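Hello,

Here is the structure we talked about handing over.

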Amino acid sequence: MKPERVVAVAFAVSIMASMGLVGVYVSGGQAQAEGALLGTALGGLGVGLAVWSVGLLPSRTRSEEREPLSSDDALVDRAEDDLHPSDITRRKALVRLMAGAGGTLAGALAIPALSLGPRPGQDLFTTPWTAGARLVDPEGAPLRPGDLVLDSVTTVYPEGHVGSPDAQTLLIKVDVQDLEMPEDRIAWAPDGCIGYSKICTHAGCPVGLYRAKAHELLCPCHQSTFDVLRGCSVTFGPADRPLPQLPISVDEEGFLIALGDFTEPVGPGFWNMTGGGG
Amino acid sequence: MLRWLDGRLGIAGLARKSLKKVFPDHWSFLLGELALFSFIILLATGVFLTLFYRPDAQLVTYRGPYAPLQGQEVSAAYESVLRISFEVRSGLVMRQIHHWAALVFVGSIVVHMMRVFFTGAFRRPRDVNWVVGVVLLLLGIGAGFTGYSLPDDLLSGTGLRIAYSVLISVPLLGPHLAFLAFGGEFPTEGIISRLFVMHVMLIPALIIGLVSVHLAILWRQKHTQYKGAGRTEGNVVGKAFWPQQVMKSAALLALTAAVLAFMGGLLQINPIWDFGPFDATTVSAPSQPDWYVGWLEGALRLFPPLDLTLFGITIPSPFWPGVVMPGLAFTVMGAWPWIERRVTRDEAEHHLLDDPTDVPIRVGIGVAGLIFFGLLTLAGGNDVLAIMFNASVEQITNVLRIAIFVLPASGGWLAYRIAASLGNNKSNLLGRKRGVKLRRGPTGGF
């Protein structure tokens, strides 16, 4: 086929596809048809242009001289002189002072950027958990140890803070006999109801997967794995710290309560996390 | 028309010179254009999307046609993206073209850079433009990441959360930086509007500015060209800007748009209604970012647990793979023209391109780098690999932890040997004497 013909056919196809596109739009729109017709319209145009450029344009090769990019030294020198026209006394000192003024002004003008966020303060060290706060499930219902099935896992919050991102805690029911942790930590797990911060200590993802058989918590983001029976120590993956354990007890009505906030910061690490803030 | 313009601007002379400007005729020179055209498509589709998108974290009740989410509380941002997808006519096509174009945009920048690297096109005087290009790659990744986070779905929220955790890991400054960037402890309501401003204003403006600089420098310096009969350091051989190059570029623009339109219409991407709205207490598995962030995600997954505490200052382990590694990678990339010049002491201007086999050591280093980033990207999907190979994530990760050291080195060495022997053969065929380059040692010295 002669190139002229191909080009003509391609452009004709493009026109028809464009009209079809309008039709589809007017009749309510349909994503697949729109994409295919738009693609055909653009493709026809592209094929037409490509065949035109390959088959119909003179294929003459040209050659162009390349002037050297660098100018000769004398010209550069003269430009340098033009750049620094006068010989003011103490020019250097004045230029430095001007740069200082500009820099100071820039610094002063950058200060409003601090409005972008609060100072971290104690935010990273505290969560809404307080002594006596009842553990409630995502529906806000307080829990008794007897409500939990062995090897089940529930996301719990302090009462009044359902959905709190930094208080989210995994409450897991295990057999107390299986816990291999210091006595005082086992004491924080009445009837084997043990609570750990749900926020991964690596990059802050919710540690959402529980392998009940192995008693392992697994973070779906970077696969850090935590051993529930051994204080959530890391058994695999990039996390370096255990998930902080929530001190839990039971109040006189038999509901699970927190004995206080986590004893260390939850979530991803930061430089002064061991310093207790300030 | 020209007469009218010339009467006002006096451009006839310039026009003649420009229209006759020579463009070398080689397919690999179109890779940069591919990036430019993807960007144009991004701007066009992006403007359309901006008219319907709401950068607002306020919760609203979903009342649209997507039944599974009926009555659920979602952010206004998420709701507006659902509206674009299900209610705005041709909205879904536009959104999907936009997302595919972003993937192609960054991808074509990377392939373009590979061409420039392996042919030595970054050498003086084009070292300047190489740096502009590296910054454009950074901006491209930034544009992608900020845009990807806008729908406020569960998957993009996970990406933001990881970015926050990396930022907070910076020694001494981390908490302040993270609070300034996010407006407080993650998750914050304000982050959506900040990302929006970055994505639709700051980053595109910077990209447009730098693309202009990139092209102006290219125009001024003229193109490089491959070696061949009649081609010297002192000329450029090819086709005229008008009409040949303009027609070819127009064809490429239309064809790029055509392919992206087909993809946008027929290939589903980022179905945020499947992921669900962002919720600080859940995350889906497996979750993978867009491909150009995969290497960072992979680095985070591979890096061993190594929180250091010295003198009361903790350096959390994400700092190394999340800040130091990419910082080093981009510094080395940007400084490469000068690093190579240090080693070769080659200060001369170059307008003729190397055949990659002319400089085997560069091939070796380039291939090693590509394998390194390729493996990191694979590691970003270690959970998916585990399912594919029916292995445990632990096994895949441990294999990759070894491979990340072994494979770039051995692959780079192999590439170096192959390039060197190809170069040798070619020299022998052409009857050349063994040149300087063949005596270059594996460290790059002479």
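**What was found**

In chain A, A:Leu209 has A:Leu218 of strand β7(A) as its bridge partner. Please keep in mind that this is a predicted model.

That pair belongs to the contact between β6(A) and β7 (residues 216-218) of chain A, where three bridges join the two antiparallel strands.

Is strand β4 (residues 169-173) of chain A enclosed or open to the outside? Five of its five residues are buried, so the strand is largely enclosed by the rest of the structure; the cut-off for buried is under 20% relative accessible area. Both of its faces are covered in this sense: A:Thr169, A:Leu171 and A:Lys173 point one way from β4(A), A:Leu170 and A:Ile172 point the other way, and all are buried.

β4(A) also has two pairings to report. Strand β3 (residues 153-158) of chain A is joined to β4(A) by four bridges, and the two run antiparallel. Within that pairing, A:Thr155 has A:Leu170 in β4(A) as its bridge partner. With strand β5 (residues 193-197) of chain A, β4(A) pairs over five bridges, again in the antiparallel sense. Here A:Ile172 stands opposite A:Ile194 of β5(A).

Next, the surface of chain A. A nonpolar patch is formed there by A:Val9, A:Val13, A:Ile15, A:Met16 and A:Met19, which together have about 480 Å² of accessible area. One of these residues, A:Val9, lies in helix α1 (residues 3-26) of chain A. With a relative accessible area of 44%, A:Val9 counts as partly exposed, because that class lies between the 20% limit for buried and the 50% limit for exposed.

Last, one position in chain B. B:Thr256 sits in helix α10 (residues 241-266) of chain B. Its relative accessible area is 6%, so B:Thr256 is buried. Which residues does B:Thr256 touch, not counting those up to four places away in sequence? They are B:Leu34, B:Phe37, B:Ser38 and B:Ile41.

Regards

Definitions and conventions:
Residues are numbered from 1 along each chain as its sequence is written. Chains are lettered from A and ligands numbered from 1 in the order in which they are written. This is a predicted model: local features need pLDDT of at least 70, side-chain atom pairs count only at pLDDT 80 or more; totals for chains, interfaces and linings use all residues. Side-chain values use heavy atoms; hydrogens and water are left out. Patches are made of residues with over 30% relative accessible area and no salt bridge: like charges are joined within 9 Å, nonpolar side chains (Val, Leu, Ile, Met, Phe, Trp, Tyr) within 5 Å. Accessible areas come from the Shrake-Rupley method with a 1.4 Å probe; for residues, only the protein chains shown count as cover. A salt bridge is a side-chain nitrogen of Lys or Arg within 4 Å of a carboxyl oxygen of Asp or Glu. Buried means under 20% relative accessible area, exposed over 50%, partly exposed in between (1.4 Å probe, protein chains only). Two strands pair if DSSP finds at least two bridges between them. Contact means heavy atoms within 4.5 Å.
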